[in-house]
Amino acid sequence: MRCFCLFTLIVLTANVALAEKDAEKKTAKFAPDQKTLPAKPPKGAIVLFDGKDTSHFLSMAGGKINWPVEDGALVSTRKGGNTNHIVSKLHFRDADIHVEFMLPAKGSGNSGIYIHGNYELQIQNSYGKKKISMGDAGAVYGFSKPLVNACRKPGEWQVYDIRYRAPRRDEAGKIIKNGTITAWLNGQKVQEAASFGEPRSVYHPFRYGTTPYLKTIWKQQKATSVGPVFLQDHSNAVRFRNVWLRPLDEKAFVYEPKAAASAKGPLRVFVLVGQSNMQGKGKIQHLDALIADKSTAGDYKHLKQGDQWARRDDVWIKYWDKKGKLTVGYGSPTDRIGPELGFGHVVGEKLDRQILIIKVAWGGQSLGRDFRPPSAGLPSKERLQEILDRTNKNNKKRNRPLIKLADVKAKYGQKYRETIAEVHTVLADIKKVFPAYDGSGYELSGLVWFQGFNDVINDEFRAEYGKNMVHFIRDIRRDLGVADLPIVIGELGMAGPVVDPRYAHKHYAVRKAQEAPSKMPQFKGSVAYARTSPYVVKEGQGYDGGYHYRGRADTFYKIGESFGKAMLPLLSDLPKDHTRQVSAAGKQAGSKYGF
């Protein structure tokens, strides 16, 4: 697998690699002695933290951890949105895991032991509680509440001993046999062969706060059922000591990341272009309601971390003057979302490099005039004169300044030129916009086009939409410097799958023109068409009148997902460095268009 090139594989010594028969004898009984702490590691155990050496754990990015050691204990340290977990270098399939911990005097004491990054043995101040749940100490979070409440007071050392049997997966990564957990907490059995399948938590580290390093691990883990153990950051200063693990089969080994290998490599850049629907009109208020509703929460609850909106560390976005980690609020106005949110989550989950989204969108713009590509040319002289005369006639009536023919011509392609200028301006100095950029180059990976309403309502623009779309694809590839730039064309589907007969011919004509390039031999494998009409919800509450997909957050999020899913098959497995060729194209375009 490709992920192995990022690591040096160090196979453990013979006392770790056990034959199956020996493993069966060794695992026949699980009744750990928890009377005396700290407990002495048994024969065959690998110590992950001995009170001094932190080198057996890595940060979420694959680097050195920043948890301090105080009086022989590792102290959980908060960073960002509860995403400063630490990851063991030791990877294993089945194992006995021993962790000693102490709850802080203040706070909930929330933390956990994330086995394989997906299954959490809960750490929580549950001392004295009579009614316990899956959120209490001893629980397998999301799967099984504790058999008893064995939690001690904050300030006292406590101990988990866990026997973990990993779920088995087929070649496609699908679970074919559930895993099990048996666990003892402070001398009492809190789990007895608790069964679990696919992870249920929306906050597990392979999804939130994830990094290229973790994405590589997750791919390998799905293929082999072998992975690390995480100690969780959840904003509480929980202390850990005497952490060790005893593999129960021959599958265990250590991953040593090469220096900074997981974080470097070309940045993947995506450009999102269009008019008001690309600006985004999905009301965040509606997104909150979707998460609160049990019938829809499953599709959207990953967008929040606690009571805060989640921010993706691995996806940056710039939309005019606003920039940052991908989250809600990048619509227009800022209490809205656009397709960028669903798009960013789809590509962010699948790609193992840092991602930058550059969104360029204005309301009320047509392909026939405002985004008109250069090779489409201008309308005839007679047509331009007609537009000038009509405009000045209206200006006289309204006591407005008269315009010249040059002003009419300048409107054609103005937003196209401004799009080219914005993309090149950002890419010319990415570090100025995003200081965390490591300078390792970038690939201009793809462009999404989502526009069309102003062409639907104009007979002239509608008639030439298909021709202009082809010109647009060719021209923007030339001006951005990537000859085979993957392009996804979004359907103008706001009228739904079936359009009102009064307007059907207009909408269907533009939809046909939008889909056509994806079927042309010259664009095979590099242009895709993404439907949006299936996500229109005509019933229920709207948030933007009858316009902009009724301002519904579910619709805009799913549209973004549709764009992301259409884009992924067009991409190469490994990004190429486009820095030089795009920079050269930027100089030519700047000279031509005056930016």
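## Helix α16

Helix α16 spans residues 579-593; its 15 residues reach 20 Å from the first C-alpha to the last, close to the 21 Å expected at 1.5 Å a residue (1.5 Å times one less than the number of residues). Helices (H or I, at least four residues) and strands (E, at least two) are DSSP runs numbered from the N terminus.

The model is predicted: local features need pLDDT of at least 70 and side-chain atom pairs pLDDT 80 or more, whereas totals for chains, interfaces and linings use all residues. Residues are numbered from 1 along each chain as its sequence is written, and side-chain values use heavy atoms, without hydrogens and water.

## Faces of the helix

Val 582, Ala 585, Gly 586, Ala 589, Gly 590 and Tyr 593 of α16 are buried (under 20% relative accessible area; exposed is over 50%, partly exposed in between; 1.4 Å probe, protein chains only). Seen down the axis, the buried residues of α16 fall within an arc of 140°, so they line one face; the arc is that of directions from the helix axis to the C-beta atoms. Their cover includes α9 (414-428), β27 (442-450) and α13 (465-480). The face turned away carries the exposed Arg 580, Lys 587, Gln 588 and Ser 591.

## Open sheet

Five strands form an open antiparallel sheet in the order β3-β6-β16-β9-β10; strands pair if DSSP finds at least two bridges between them. β3 (57-58) and β10 (119-123) each have a single partner strand, so one side of each lacks a neighbour in the sheet.

Key:
Contact means heavy atoms within 4.5 Å.
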